Amino acid sequence: MEGGAVLRFMRAVLTASDMISPYGQGIQPCWDGLLAGRSALCAVSRFDTSAFHSCWGGIIDGLSYLQEESLVMQMVASLNRTSIPADAYLMLATTTGEVDLLEKAILAGRSEAPESALEGLLQKVKDLFGVREGELVSSACISSTAALGIGAAMIREGRRDCVLVVACDAVTEFVFSGFSSLMALDPHGARPFDAERAGLSVGEAAGYALLMSRERAEREGWRAELEICGGGMSADANHMTGPSRDGSGLAAAIECSLHQAGVDQQAIDFISAHGTGTIYNDSMEMKALKRVFDGPRPLFSLKGGMGHSMGATGLIEVLIAARCLREGVVLPSVRLNRADEESSGWVLSAPQACDATMALSTNAGFGGVNASLVLRAPGGGA
Amino acid sequence: VIGVAGIGWIDERCYGSLRSDVVGYADRVPLARLGKTDGLLAYTAKNFGRFEPLTQRVCYAAALALKDAGIEYGESLRLNIGVLGVHPRGAVKSNASYFKDYIDSGRTLSRANLFIYTLPSSPYAEVSVHFGLQGPLLYGAHLGPLVELAQGLVKRQEADQVLVICADEQRAVCAVVGVVEHAVCEWAWLADGQGNAGVMIEKILDVGKEDIA
């Protein structure tokens, strides 16, 4: 994917956000935990994990399988939703949504569970946030990155002036057993970019990002927390579950996002990487970054701290990257013991002060999909 | 202009495209073998017989649409074409198949080859892998927003063309969206199917090629 037309008329800024993660309710506990290098991974007790390759997961305290409401709706309902404009265009990003409703139906002897369809979740989230219009974006583990990129592009091109991206995915027996069957779980818990890494840990999270045109944000008195100035997506066209070994697919997505942002790779101060902890993903990601960048940039993954929250992961990573830009600190990769050869000199094991104005956020997923976003601190350049 | 360059479709009995005749197949060949017997696929898709019927139809519709639009593909070619898909209820059926199999196996072992189809984007990922399409790929719930998104991706040059695929349990229809001299149909016409592949195919057959073009 070479180049692309730059059609920037507006600027897309983040004006409000919230999240819930295994660290707790809100961005602050997540930030504090990650900054301290503390992992929220634990032994999963929500279901029996004894038959699986790992018992480790990123679980949110207080969610219950026993409630009538699905796990993701419990998470989304806990978010602070005040002041969301009713004309915001909702983009709901998820992979399996309310799949725990399907689990219950199958265990009760039913053969199907239409109530678990993603379209039903879309309607529930629209009702919860009080917005009129919305669409679903599902593309494996790049779902929320794709939604943010598309939403920001819609604002830049003047097609919308307010987009609400909501992202959610839960740890269920369904997804846990599936990742175990793929031999993708690290028996010792995820250790992204570590020389001894052996897989991922499944995690859960939900969050939202309210994007607006800068003009509307200023007119209505919203404070811009971040600008999303470029996005790119690509597919490896290689394999359903394994990433392209040479990183060319992700590199194409990164190049596209840089072009859309109208900046060169040298403008990027740090990288919030996908970093699942699988041998192939992390290796592919480093190859992609080395194709694009002329030298190392401070890099981290959140997944040793909170697990891989699938469709929600991109949005959570953007909210944390926004905090990094604001605080002038790049986070460590939690649970990193010894960086592998490929990521050595890039990945951080301790926080690093950084006078940063621009960041890159990357994700990849099943089906060989890749996505990248270029993020800018508010007021950080033209 | 950015418009529709070609359309291909398949249902339980027939297949066709805007620029070709309707061909019946149901009484002479099973769905899984159609690609070979009728030459719908330019080369064999790996594990095609194991794909769900929905994924098989989506692949055939994509092949017919690419041919209709005059786009060549090959095993060693890589194309900057995106794939956007919609089908009602997403992966509900394949989710049930996976989890029921897991429960029936004593809740200890599950099958990875069933799990990978529990994502609603998986049928479209198979299209991307088979046809070598390296553009953006995602699943949405409604056709209208996907058509709008396809336009945007082509306009921003994030993809040269985009396949917009609408499928259900019986049918699949695929439109190739790109820069064209003369669009074969209007955007509103394409989006008017409301995410229903059957309605789209009936409209193609009812309206007739001359009227569409």
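How many bridges join strand 1 of chain B to strand 2 of chain B, and do the two run parallel or antiparallel?

A: In this predicted model, 3 bridges join strand 1 of chain B to strand 2 (residues 14-17) of chain B, and the two run antiparallel. Strands here are DSSP runs of E with at least two residues, helices are runs of H or I with at least four, and both are numbered from the N terminus; two strands pair if DSSP finds at least two bridges between them. Residues count from 1 along each chain as its sequence is written, while chains are lettered from A and ligands numbered from 1 in the order written. Local features need pLDDT of at least 70, side-chain atom pairs count only at pLDDT 80 or more, and totals for chains, interfaces and linings use all residues, with side-chain values taken from heavy atoms and hydrogens and water left out.

Back to the pair: strands 1 and 2 of chain B make a hairpin with 3 residues between them, and Trp9(B) sits opposite Gly16(B) of strand 2. Strand 1 also pairs with strand 7 (residues 172-179) of chain B, again antiparallel, through 8 bridges. There, Gly6(B) has Val176(B) as its bridge partner. Strand 1 (residues 2-10) is largely enclosed by the rest of the structure, because 8 of its 9 residues are buried. Buried means under 20% relative accessible area, exposed over 50%, and partly exposed in between (1.4 Å probe, protein chains only).

Elsewhere in chain B, Ala91(B) lies in the loop between strand 4 (81-86) and helix 3 (92-104). At 9% relative accessibility, Ala91(B) counts as buried too. Leaving out residues up to four places away in sequence, Ala91(B) touches Tyr117(B), Thr118(B), Leu119(B) and Pro120(B), where contact means heavy atoms within 4.5 Å. The C-alpha atoms of Ala91(B) and Tyr117(B) are 7.5 Å apart, though 26 residues separate the two along the chain.

Now for the partner chain. The contact takes 48 residues from chain B and 61 residues from chain A. Across that interface there are 4 salt bridges, meaning a side-chain nitrogen of Lys or Arg within 4 Å of a carboxyl oxygen of Asp or Glu. Arg156(B) forms a salt bridge with Glu157(A), with the closest N and O atoms 2.9 Å apart.
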